[in-house]
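Please examine the sequence and the three-dimensional model shown below.

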Amino acid sequence: MVLIFNNFAIQIFSKYYIDMKIGIIGGSGIDNKEFFSEFKEIEVTTKYGAPSSVIKSGIIEGKEVVMIIRHGKGHTITPTYVNNRANILAFKELGVTHILATTAVGSLREEIGRGDFVIADQLIDFTKFRKNTFHDDFINGMQHVSFADPFNEQIRSKLIEASSSLSFRHHTSGTIVSIEGPRFSTRAESNMFRLWGADIINMTTGPEAALAMEAGIQYGVVAISTDYDCWKTDEEPVTFEAVIKIFGENVLNVIDLLKHTIRIM
């Protein structure tokens, strides 16, 4: 009886810990190879083409981690043309089971300040021209994935725990609306999204999260608030320069949060 129990425990441990492989999808600010030990770069191609960047691989906090820089080296890929299908499929083929994504966002709420982290729990995909599914046809049968809860609750709980442990200003829930870009919103659009219940706005998460769900990869996102979009009439409308400035000021906190989250996952 004891032997059977121990074998069962080993199987459970193996399934949820030994086989875990983490992928990070992030911005250019976190692609420092000093983030890793045993660092190497991997060239990967998929049936959808190459991912956004060379895949960085190594050990972080004792766990095997691979990383894709979403907009490519030097931030040369616009949001519409990020090859999300290649990015997610490359991770799938490398055995990634959990994705930690980072994203700069505009705040649509007074209480979400610049530099705050938001551990999003809901999503509105308002993009128009992205490939957001692996199923271009139903020749092999209909495929309709459930997307009611787009972000994995276990990853969310670890991001929240890590944020609390590090005493970072953070919000434990929030709805992201992803727009097409690369232009920012009009004031009318910004106020419309607020009426819809969106709390933060970006140009990337919607298709990325949907593809991860289809691929069976657990996905969570930490959003870094950099601006107030353009709904606040007492502030200057968002600019790319302002986004980069605030993200740059917080990039070390982002790295610390990712490392701490990986440690406790």
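What follows is a walk through helix packing, aromatic contacts, selected residues and backbone features.

The model is predicted, and for that reason local features are reported only at pLDDT of at least 70 and side-chain atom pairs only at pLDDT 80 or more, while totals for chains, interfaces and linings use all residues. Residues are numbered from 1 along each chain as its sequence is written, and side-chain values use heavy atoms, with hydrogens and water left out.

The account begins with a pair of helices. Helices (H or I, at least four residues) and strands (E, at least two) are DSSP runs, numbered from the N terminus. Helix α2 (84-93) packs against helix α5 (residues 205-215) at an angle of about 35 degrees, and their axes are 9 Å apart. Here the axes are lines fitted to C-alpha atoms, for helices over the stretch in contact, and angles run from 0 to 180 degrees between N-to-C directions. The crossing of α2 and α5 is right-handed; a crossing is right-handed if the near helix is turned clockwise from the far one by less than a right angle, and left-handed if anticlockwise. On the α2 side, Asn84, Arg85, Ile88 and Lys92 take part, and they meet Pro207, Glu208, Leu211, Ala212 and Ala215 of α5, where contact means heavy atoms within 4.5 Å. By type, the residues of this contact comprise five nonpolar, one polar and three charged. In this division Ala, Val, Leu, Ile, Met, Phe, Trp, Tyr, Cys and Pro count as nonpolar, Asp, Glu, Lys and Arg as charged, and the others, Gly among them, as polar.

Helix α5 is mostly covered, with nine of its eleven residues buried. Buried means under 20% relative accessible area, exposed over 50%, and partly exposed in between (1.4 Å probe, protein chains only). The buried residues of α5 include Thr205, Gly206, Ala209 and Ala210. Pro207, Glu208, Leu211, Ala212 and Ala215 of α5 are buried too. After α5 comes Gly216, with a positive phi near 75 degrees.

Ile25 is 63 residues from Ile88 along the chain, and their C-alpha atoms are separated by 9.4 Å.

The aromatic residues come next. The structure holds nine aromatic pairs. Rings of Phe, Tyr and Trp (its six-membered ring) pair if their centres lie within 6.5 Å; planes under 30 degrees apart count as stacked, over 60 as edge-to-face and the rest as tilted. One of the pairs joins Tyr48 and Phe134 in a tilted arrangement, 5.7 Å centre to centre and with 40 degrees between the planes. Tyr48 belongs to the loop between β2 (37-42) and β3, and Phe134 to the loop between β7 (122-125) and α3 (153-165), so the pair ties together parts that are 86 residues apart in sequence. Phe134 has 17% relative accessibility and therefore counts as buried.

Another pair, Tyr228 with Trp231, is edge-to-face, at 6.2 Å centre to centre and 75 degrees between the planes. Tyr228 and Trp231 are both buried. Each ring also has a charged end over it: that of Arg194 sits 3.8 Å from the centre of the Trp231 ring, and that of Lys232 sits 5.2 Å from the centre of the Tyr228 ring. A charge sits over a ring if NZ of Lys or CZ of Arg is within 6 Å of the ring centre and within 35 degrees of the ring normal. Elsewhere, Phe35, Phe36 and Phe39 form one aromatic cluster.

The loops remain. Ser52 lies in the loop between β2 and β3 and counts as buried at 12% relative accessibility. Leaving aside neighbours within four places in sequence, its contacts include Ile68, Ile69, Arg70 and Asn87.

Glu61, in the loop between β3 (55-60) and β4 (63-69), has a positive phi near 50 degrees although it is not glycine, and is partly exposed at 31% relative accessibility. His75, in the loop between β4 and α2, likewise has a positive phi, near 55 degrees, and is partly exposed at 36%. Finally, the peptide bond from Gly181 to Pro182 is cis, with omega near 5 degrees; Pro182 is found in the loop between β9 (175-178) and α4 (187-196).
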